[in-house]
Amino acid sequence: MIRTEELLLNVGPQHPSTHGVFRIVVKLDGEVITEATPVMGYLHRGTEKLAENLNFTQIIPYTDRMDYVSAMTNNYVLCHAVEKMMGLEIPERAEFMRLIVMEMQRVASHLVWWGTYLLDIGALSPFLYAFSDRERILGLFNELCGARLTYNYMRVGGVKWDAPEGWIAKVKTLVKDMYNRLDEYHNLVSGNEIFLSRIKGIGKYDAQTAIDYGLSGANLRCTGVQWDLRKAEPYSLYDRFEFDVPVGKNGDCFDRYEVRMAEITQSLRILEQALEQFPGEGETMGKVPRVIRPPAGEIYVRIESPRGEIGCHIVSNGKAEPYRLKFRRPSFVNLQILPKLLVGESMTNLVTILGGIDIVLGEVDC
Amino acid sequence: MSEDNKREPEEATVATSDSASSEPVADAKPASEETPAPATTEEATPPPPARRVETDEEKAARRKAALEAREAAKAVAAQAAAKAAQAGTEGRAAAKSSDEGEKAGTEEEAPPKPPSPNQPRLDRVVALIREMVAEDAVDEAYINEANDHLPTLVLKNEHWLKAAPLFRNHEQLNCNYLRNVSGVDYETHMEVVYYPLNLNNREGYCIKIRTDREQPAVPSVTPIWETANWNEREIYDLLGVEFPGHPDLRRIMMPDDWVGHPLRKDYVPLDPEV
């Protein structure tokens, strides 16, 4: 006589495949998940509360620590929001610097995702490839601003440091090399039979569901919705460059993989053009008042981070500190769909699906 | 470890003897060169005991004076800020009234601003809500110029549940994507701010729902936009706004047994140690 029993399993918070301190309580019927309840807040530092007592320049380092895999885009969204409120003009060279570091960051971030995702699924070596290439990008950031992860690079009105001599040439070489490396990655992984059988048709949802859940980034585009804020609501200098928005069709983990890999290529394309058009000289900091006081009012500014729409909602009462600062974090919003995707899946697919969403816990918990 | 411990004092003595030996050299130099770097000599070598008493007294006096000055400055700044805030609100009120004036067709003495490209869209939405929801559903409607001329509406709390499906489903609006939900504590009232967007024609809105601060509650829109689920939970957790109709309104960031809602302006931690 076989007796079956519902099993309650805690995955995380200390589990490498949760990419941070994320916990999910799973109800199992044999191998099949019947219910999944995410529990977060383990990394909640109250950034929004802290920000209410800091001036805007002091908040920038806090944004580094939200999505710590893509700190440059976080820097940008805050600075951009304040600049928009104050109607500041940014020198062209500064804006170019910002765009270049943001696109480099997108490549680095997608490389982290690629490496760790394959590690989750059980392939160790891609992780080593990805991190060695990412290290080159981080090395260049280090040369630029003296930090590998938490850059604190951008300022309201421009960037803190100009490119050191020879830096642009180094980025050019990097972009050239990355194309070859990408081909290598595709040879190594993209056609692998085992890999495909693990991710094809897994974690599937359609465009309507994705929109209902407010997904953004590759999670939305994998269903065929062409929505990239760099194209749809251009900011910075993105309207000057030619690039495509890769979209998927089936909305499964494989499409998310393909979209992200294609996005690396597109970022490299943007980088190529930006480096070509990079102004030889110019200011890196605009004319900014000594104390930054946005006028009383309200603004919601959004940009495309590697994970999707990162937004910054500032309510200002004319003081140097924000009255209320809210970040719309793509990881937090994208993660909402997880319980829905997991029901009915086998336990093995939990890690595949969670990894496919691409979350950073610093951003989920904020 | 013990070796390290032994080494440390030795190094320290070496350092002090070094600085001591360097002092006479500095003394030997002309006085004009001594004056530019008083800070470094103070740090490196302990001042003579006779002078130390004096400096302590001086320091205390200076500290006291600085404290008093700072407090005075604070009071002045607070007054100034209060004045500025008053002026700001007055200015805003004036701007608003001038906006309304423009809408009504009368031109104020201020140079006539070109109407926002989104003004017709805003007017259409206001008319639509007045027709479909209720005549008095719209409290305020204005264009947020700093934010790319975003049409902004302040709707009445009791009509929100009826207006939200209109935004979601009406063929003219069709805002299928809710990009952000924020909660703001204004100290006089609470506000929940929604940013719905139509992904097809890229037309977005900002909708604000105001609610009482003592018992804040705004009807949940999770049944309409699924994405509001965790956003509303976060606002409930951090600001204490209730969302009747929410399927699972629990804390999401703070521990379940946390007391208070940290993002409220009057929040005082229960345990000051935390």
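In the predicted model, the largest nonpolar core comprises 148 residues, among which Ala81(A) and Ile100(A) touch the most other members. Helix H4 of chain A supplies the largest share of this core, with 17 residues. When neighbours within four places in sequence are set aside, the contacts of Ile100(A) are Val171(A), Leu271(A), Ala274(A) and Leu275(A). In soluble globular proteins, nonpolar side chains tend to be buried together.

Helix H4 (residues 92–121) of chain A also packs with helix H3 (residues 71–86) of chain A; the two axes come within 8 Å and cross at roughly 140°. The arrangement of H3(A) relative to H4(A) is therefore oblique. On the H3(A) side, Met72(A), Thr73(A) and Tyr76(A) take part, and they meet Arg98(A), Val101(A), Met102(A) and Gln105(A) of H4(A). Classified by residue type, this contact of H3(A) with H4(A) contains four nonpolar, two polar and one charged residues.

Chain A further contains an open sheet of three strands in the order S1-S4-S5, with antiparallel pairing. Strands S1 (7–11) and S5 (32–39) of chain A stand at the edges and have a single partner strand each, so that one side of each is left without a neighbour in the sheet. On average, and with direction ignored, neighbouring strands of the sheet are turned by 20° against each other. The antiparallel pairing of strand S4 (residues 23–29) of chain A with S5(A) extends over seven bridges. Within S5(A), Thr37(A) is the bridge partner of Val25(A).

Helix H14 (residues 348–357) of chain A is mostly covered, with eight of its ten residues buried. The buried positions in H14(A) are Asn349(A), Leu350(A), Val351(A), Ile353(A), Leu354(A), Gly355(A), Gly356(A) and Ile357(A). Asp358(A) follows H14(A) and is found in the loop between H14 and helix H15 (361–365) of chain A. The phi of Asp358(A) is near 65°, a positive value in a residue other than glycine. Asp358(A) counts as buried because it has 27 C-beta neighbours inside 10 Å.

A positive phi in a residue that is not a glycine is also found at Asn174(B), where the value is about 50°. Asn174(B) is placed in the loop between helix H6 (160–169) and strand S3 (177–185) of chain B. With 17 C-beta neighbours inside 10 Å, Asn174(B) counts as partly exposed. Chain B as a whole has seven helices and six strands, which follow the pattern α-α-α-α-α-β-β-α-β-β-β-β-α along the sequence. Of the 274 residues in chain B, 25% are buried. Among contacts in chain B with a separation of 6 or more, 48% are between residues 24 or more positions apart.

Between the two chains, 35 residues of chain A are in contact with 28 residues of chain B. On the side of chain A that touches chain B, two or more residues are given by each of helix H1 (47–51), H3, helix H8 (207–212), strand S8 (297–305), strand S9 (308–316), strand S10 (324–328) and helix H12 (330–335) of chain A. The largest share of this side, five residues, comes from S8(A). By class, the side of chain A that touches chain B has 13 nonpolar, ten polar and twelve charged residues.

Conventions. Residues are numbered from 1 along each chain as its sequence is written. Chains are lettered from A and ligands numbered from 1 in the order in which they are written. This is a predicted model: local features need pLDDT of at least 70, side-chain atom pairs count only at pLDDT 80 or more; totals for chains, interfaces and linings use all residues. Axes are lines fitted to C-alpha atoms, for helices over the stretch in contact, and angles run from 0 to 180 degrees between N-to-C directions. Helices (H or I, at least four residues) and strands (E, at least two) are DSSP runs, numbered from the N terminus. Angles under 35 degrees count as roughly parallel, over 145 as roughly antiparallel, 65 to 115 as roughly perpendicular and the rest as oblique. Two residues are in contact if their C-beta atoms, placed from the backbone, lie within 7 Å. Ala, Val, Leu, Ile, Met, Phe, Trp, Tyr, Cys and Pro count as nonpolar, Asp, Glu, Lys and Arg as charged, and the others, Gly among them, as polar. A residue is buried if 20 or more other C-beta atoms lie within 10 Å of its own, exposed if 12 or fewer, and partly exposed in between; C-beta atoms are placed from the backbone. Two strands pair if DSSP finds at least two bridges between them. A nonpolar core is a set of buried Ala, Val, Leu, Ile, Met, Phe, Trp, Tyr and Cys residues joined through C-beta atoms within 7 Å.
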